[in-house]
Amino acid sequence: MEYPFQIDIISNILPHLDKDSSFNFLNISERMTPARIILYGRYLFNHCKIKNDKIKQYIRNIRVLNIKYATEYENLKSLQICDNDFNETIYDLPRNIKSLLI
């Protein structure tokens, strides 16, 4: 029988782990899924490597190749556009953006 850690214990363990170890730790049980939301807000993710669309609502920091992909993320705080030939007018950025790097 699985006995997952409580969220307060997990939040004290995670600062001592690197990114890979954190995700490996939280993948030990399906019951740890709510705690994974903490990690989605902590790290910078690359849009082209995200396979699960369900997690996009939790991601706060994203790197995209094209600005049109930024609209797929509801709660962005940080956006990095990695296009060497970027020359577009920016109209629709998510409302919560605090940092933009082009």
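**View 1. N87, out on a loop.** N87 is exposed, with a relative accessible area of 73%; exposed means over 50%, buried under 20% and partly exposed in between (1.4 Å probe, protein chains only). You'll find N87 in the loop between β3 (78-81) and β4 (99-101), where strands are DSSP runs of E of at least two residues and helices runs of H or I of at least four, numbered from the N terminus. From N87 to Y69 it's 18 residues in sequence and 16 Å in space, C-alpha to C-alpha. Keep in mind that this is a predicted model: local features need pLDDT of at least 70, side-chain atom pairs count only at pLDDT 80 or more, and totals for chains, interfaces and linings use all residues. Numbering starts from 1 along each chain as its sequence is written, and side-chain values use heavy atoms, leaving out hydrogens and water.

**View 2. Two cysteines, C48 and C82.** The structure has zero disulfides, a disulfide being a pair of cysteine sulfur atoms within 2.5 Å. For C48, the nearest cysteine sulfur is that of C82, 9.4 Å away. C48 is partly exposed, at 46% relative accessible area. C82 is partly exposed too, at 35%.

**View 3. The largest nonpolar core.** Such a core is a set of buried Ala, Val, Leu, Ile, Met, Phe, Trp, Tyr and Cys residues joined through side-chain atoms within 4.5 Å. Of its 23 residues, I10, L26, F45, I50, I59, I62 and L79 touch the most other members. At least two residues each come from α2 (19-26), α3 (33-40), β2 (61-64) and β3.

**View 4. Around I50.** Neighbours within four places in sequence aside, I50 is in contact (heavy atoms within 4.5 Å) with F45, I55, K56, I59, I62 and Y73.
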